[in-house]
Amino acid sequence: MLTLALLFMWITFAKASDPAYEKAMAKQIAAIETIQTLEQSQQVSNSFLRIAEAQPEEWLPLYYAGLLQIEAAFRFDVDQDEAFEQALGYIEKAKKIAPDNSELTALEGYAVMGKISVDPGSRGQSMTPQAMQLYNKAISLDRENPRAVLLMAQMELGMSQFFGSGPEKACGMARMGSELLRKEKEKITESYILPTWGQRLASQFEKVCQ
Amino acid sequence: MTRQLYFTALFFLIHVAVFSQTGISGKVLDEKNRPLPGVNIFIKGSYDGATSGEDGTFEFDTDAAGTQTLVYQLMGFKSQEFTIACDFSPIVFRDVSLREMITEMNAVTISAGAMQASDASKAVVLKPLDIVTTPSAMGDIIGAFQTLPGTSTVGNDGRLFVRGGDASEVGIYIDGLRVGNAYGSTAGNFPTRTRFNPNLFKGTFFSTGGYSAEYGQALSSALALNSKDISPRSQGDLSLLSLGGGYSHTLSSDKQSITVTGNIFDLGPYQELVKQNIDWERGPHSWDLEMASQKKLADGGLLKVMARTEAGGMKMWQKLPGVEGRGVFIDLDNRYTFAQTNWKKAYENGWTIFTGISYSDNKDDIFYDSVNLQKRSKLLHAKFTGIKDFSDRISANSGIEYIQNGYKEAIIEAQVERDYEDHQFYGFTEWDFYLSKKLVFRSGLRAGHSSLNQETWLDPRASFAYQVSENGQISLAGGTFSQVPTENFRVLNPGLKNVKAKHLILNYLYGGNGRTLRAEAFYKSYDNLVTFDGLPMAPLDPINEGKGFAKGIDLFYRESRLVKNTDFWVTYSFVDSKRQFDQYSSKVQPSFAPKHNFSIVAKHGFESLQSQLGMSFSMNDGYAYTDPNQGEEMNSKTQSFQNLSLSWSYLPKPNLIIHFAVSNVLGRENVFGYQYAQTPNSSGVYESLPSGQAAPRFLLLGVFLTLSKDKTANNLNNL
């Protein structure tokens, strides 16, 4: 048991070998929360891209740059299609560094879902399976990934609304996602830089799933 | 004293610490010297940098010292790098302007003649889903295109007729490879359909003229169908129609997928129930088996294979004008096989290589009265192309092609047998020059050689497009187009020269905010059209003596946001065409080219009913025909053609679709021409029979069920 703990610590240390990188990441991750304008979003996104350029072996900075593009497309007045394509470009690059990564796969699904939302009438039919497949894959890569589960729940909710069926399935998944999110919170320390977002997504279900 | 020294030292140290950073500031501009915000400016290999603001300026400090690289980066723009010396004194860098990269997303596209159906956001006129939801189309690809500008509906034929051209002038391609006999074989006045299911394709490109040098053997129009990539999931699709049914099964994984489909159709039982105008002995029936497979290869290439085989037939009595009784007995049997495979790969160095081969084999066995005519047509098309992007401004598409076409026909009783085999070689090259993202110029050249008529030819083509406003663009396209004559003529006279056409097209396209407006003017001339003596059923001595022209305008308007949940498009095409061809001794308006053509398609979704209601209405001013009682050729015109079709699609469950469609709801008795007796009757009058519709109305009821682990999957996902 002790050896396992030591091994775990060693892995953590090995991973945390570059404090400058971690510090820079932590600073920008904190900055994400303060974004109010497109300009601010661009600044934070560019900071992540700079880190990505300097640390070509890390997938996380590209992940966050992609996430910011997707959220900017939903929040601000930008060419949505272009923003989602950009996000997919960053994700594609990150996937070369970390293939079969659950978080990246879920984010790709999120970007595809964004593309569907631009023109649901004609894209929904052909791209929905693609998004669902990505979420499925993300979950099978990491059953503890709350974002993969919550995003899939969102997709399910959209489809249940379209077909006029009940939200039970989506709600069940959302509950599971919220639970995973809660579990994840216990792991979070000050130097934790892996994705932890999803709370806002989870609270969206509270009204629908009473 | 020591204490003071210590403080002095500390003071300096602090200063050194402050001065151990270099402040860098500057300004970024675009090509037009306007401030460019959002640019990422940084020292390569460090985290130090900044983002340019609304006024294009930036400012940051860096700890880096010595010779460093300053990078200017913005997605969609060409990055720039500069060497700077960081010696702790502030650097005010000169203004830098970034050039926007021209990409598929932001560049103008050549829209003259072209109508694309895809999910892509630009220059799209029709979406793949529209093909199956257009009521008058009855699920046929061609049926949906008949509601687009530049086409005319010829209801007793079913094929695609473009701008005064006959149906053979439309070249049909799957993944750039030619398809022989793409329409089902038919007889009498019974309209045909495309053999290929719309579910096979992810997008289509339809051009009514002025198209790329990549497409040959198409005089008036190119219809390019692009097959699907890897299926996203394994599923089974069951379809039950009032005319038959089928089952399709898909097995899919990350790297590959395969779909196998089988269908059986028989119109017989339906025709027993609903009154028909055709005197059927045995209604049209067919079976088909189809396989489509896609595989992502380890090297990054995509390999596709598609194969289809089918058999069908029909038996009918065709009344003859001026003759009592049921008329002649026609018995048609058809066998058809199509197979193709292609491989495509995009390399990092800007090359995209495509190579593919297709094979079509069609066999018709027809009894006309007691005469047995057998026809066999084979077409092999091999193609190799390379696309090279030299930069974001210049790209070239070049290729070589080989077509082998064999044709044989025999009249058994008369012991007449004739055949030919032709080997055709082609080369093409086409260059796109983007002078800016608003202006593109394309020039292409296509060369061909046919072993049968010993002709070698060159077809130059050019087009350009200019973006005049945010959502509007104009384009102009022109060129020459060549096509070998149709098989039935070539077999009689193998020396027949190519039929030639020249196109000139001016197009305006406005697209944005859920609205598309398209206006096009065109002029087309024909040379070397085939004319013959005798009757169309039995041509004699075909020669290249015909000439002709077609000119006109098209208008297309599509609106999807004006009324909630409603999408509609309106089309008007005016075609003025005269040509000397077939049996005509002078220039006449062809029967397949009505002057005024109008259509409207509207779809409305009822969310609460989980239904979509579709309506389409087409009309034209009538078809020209020759009344031998009046002397001159093409001296008469039928009454106006009108067709109102309705459809209703219902999704009671996510994986179940019920579709019901009726064509010609009003039961209008449309006539497409008249058939006259060869000789006048005793009172000196040529008797006639109208060539009308197969039935006053056509009804289609279909139930589509999808079986998959994912319960939300349905047949629409196949589109």
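Residues are numbered from 1 along each chain as its sequence is written, and chains are lettered from A and ligands numbered from 1 in the order in which they are written. Local features need pLDDT of at least 70 and side-chain atom pairs count only at pLDDT 80 or more, while totals for chains, interfaces and linings use all residues.

**View 1. Chain B as a whole.** The C-alpha trace of chain B spans about 140 × 55 × 45 Å along its principal axes. Chain B holds 42 strands and five helices. Both are DSSP runs numbered from the N terminus: helices are H or I with at least four residues, strands are E with at least two. Of its 719 residues, 41% count as buried. Buried means that 20 or more other C-beta atoms lie within 10 Å of the residue's own; exposed means 12 or fewer, and partly exposed falls in between, with C-beta atoms placed from the backbone. In chain B, 60% of the contacts with a separation of 6 or more join residues 24 or more positions apart. A contact needs C-beta atoms, placed from the backbone, within 7 Å.

**View 2. Two domains of chain B.** The assignment gives domain 1 (21–97) and domain 2 (114–718) in chain B. Such bounds come from an automatic or database domain assignment. The C-alpha centres of these domains of chain B lie 56 Å apart.

**View 3. Where chain B meets chain A.** Here 25 residues of chain B are in contact with 23 residues of chain A. On the chain B side, strand S2 (40–43) and strand S3 (49–51) each supply at least two residues. That side of chain B divides into 11 nonpolar, 10 polar and four charged residues. Nonpolar covers Ala, Val, Leu, Ile, Met, Phe, Trp, Tyr, Cys and Pro; charged covers Asp, Glu, Lys and Arg; the others, Gly among them, are polar.

**View 4. Nonpolar cores.** The largest nonpolar core has 68 residues. A core is a set of buried Ala, Val, Leu, Ile, Met, Phe, Trp, Tyr and Cys residues joined through C-beta atoms within 7 Å. Among the residues with the most contacts inside the largest core are B:Phe145, B:Leu160 and B:Leu225. Strand S31 (residues 515–535) of chain B gives this core its largest share, five residues. Not counting residues up to four places away in sequence, B:Leu225 touches B:Tyr173, B:Ile174, B:Phe196, B:Phe201 and B:Thr204. Another core, of 57 residues, lies apart from the largest one and includes A:Val112, A:Ala131, A:Leu181 and A:Ala202.

**View 5. The domain contact in chain A.** Chain A is divided into domain 1 (19–99) and domain 2 (102–210). Their C-alpha centres lie 19 Å apart. The contact takes 21 residues from domain 1 of chain A and 12 residues from domain 2 of chain A. On the domain 1 side, H5(A) gives the most, with eight residues. That side of domain 1 of chain A divides into 16 nonpolar, two polar and three charged residues.

**View 6. Helix H6 of chain A.** Of the 17 residues of H6(A), 15 are buried, so this helix is largely enclosed by the rest of the structure.

**View 7. Confidence.** The model scores ipTM 0.84 and pTM 0.84. Chain B has a mean pLDDT of 90, and 95% of its residues reach 70 or more. The pLDDT is the predictor's confidence in each residue, from 0 to 100. Over residues 10–17 of chain B the pLDDT is below 50, and this stretch has zero contacts in the model beyond near neighbours in sequence. Where pLDDT is low, the predicted coordinates should not be read in detail.

Key: Two residues are in contact if their C-beta atoms, placed from the backbone, lie within 7 Å.
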